[in-house]
Amino acid sequence: MENVKLSLGPFQGITDAPFRNVFKKHFGGIDKFYTPFFTGIQKDHAKNMQGEEIDPRCNDVETLTPQILSTDAEEMLRFASQCKALGYKEINLNMGCPFPRVANKKRGCGLLPYPEKIDALLGRVFEEIGLKFSVKCRLGYFSPDEIVPVIEVFNQYPLSELIIHPRIGKQLYKGEADVQRFVELIPTIKAPLVYNGDIVSVGSFERISDQVKPVHEFMLGRGLLANPFLAEDIRVMPQATMNRTERLHDYVNDLYEDRLRHAGGSPKVLGRMKELWSYLMHSFDEPQDIWRKIKKINALKEYEEAVETVFRNHTLI
Ligand SMILES: Cc1cc2nc3c(=O)[nH]c(=O)nc-3n(C[C@H](O)[C@H](O)[C@H](O)COP(=O)(O)O)c2cc1C
């Protein structure tokens, strides 16, 4: 596909600024990134708006869209104006988070059963917002029909894009993305549409992209965490086939060292590295063996040795 656009979805606890920067240094093919969601933007100079996660010296404001999880229009406007002042061009609203402690408070995908609330929220936001505003959502929280009246609301506003992950909240990340349901919705949606869900290989990309035509924008998720070459493979980039084991090894070590530097050498970096390995293991033969080794580690030295063992004894698939 000539005009295909690929982004990397946000993952709270994984795709932070160090991840995004190390990823970009080692791999190509991704046009756009999103921050994991921000919350609690209570004032104009909120503390969490001052770190490297959003600092334009650590991020590319042209290709990074900061995301917010909120049901408060004033908070969204506060977030938007701070992002704008930092040079960002777009913000994204998270209407997809399925975790009960979020969704039960009518946040994330918990807002989808309430189209009138969404209307009030967007009505206020679009009165004042000074940069592009996009939404990421699911088909619903309890039922895949909830999206229908929500789309009618979305169609009244100039969303810069609508990313749909075709699962319902109650599924969390289980079962399959309902590509057929996404296809049925395409003609009803005015905003530029982005597909997200279950793209784990070139084969699944080809199957899904064929089904959702003319949609040509895709957000990759767990598939890219498991196989960081996925975007290069989809785009058939020349470097995709070269020295894969060595490139993956360099990437994992670079990310680890960068995280260690940021954390002043603290073993707390192991949590984030282990979480990445829970996806990355699928790039290798015998992933469960690898996971058994990695998941119980709680010292830096042990981690370093385990990673070397993985690259010595296992084969990339
Ligand atoms: C641990 C975890 C954290 C996530 N954090 C976020 C987040 O902060 N914001 C968001 O919009 N989506 C988040 N997601 C959802 C992913 O961005 C993506 O939409 C989802 O994994 C579906 O795409 P996939 O099937 O390609 O993985 C998260 C998913 C997981 C598993």
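Reader: How many Å separate the centres of domain 1 and domain 2?
Author: This is a predicted model, in which local features need pLDDT of at least 70, side-chain atom pairs count only at pLDDT 80 or more, and totals for chains, interfaces and linings use all residues. Residues are numbered from 1 along each chain as its sequence is written. The domains, whose bounds come from an automatic or database domain assignment, are domain 1 (5-240) and domain 2 (243-313). Taken over C-alpha atoms, their centres are separated by 27 Å.

Reader: Which helix gives the most to the side of domain 1 that touches domain 2?
Author: The contact (C-beta atoms, placed from the backbone, within 7 Å) takes 12 residues from domain 1 and 17 residues from domain 2. Helices are DSSP runs of H or I with at least four residues, strands are runs of E with at least two, and both are numbered from the N terminus. At least two residues each come from helix 1 (17-26) and helix 8 (222-226) on the domain 1 side. The most, four residues, come from helix 1.

Reader: Which residue of strand 5 is the bridge partner of Ile68?
Author: Strand 4 runs parallel to strand 5 (residues 90-95), and two bridges join them. In strand 5, Ile68 has as its bridge partner Leu93.

Terms used:
Contact = placed C-beta atoms within 7 Å. Pairing = 2+ DSSP bridges.
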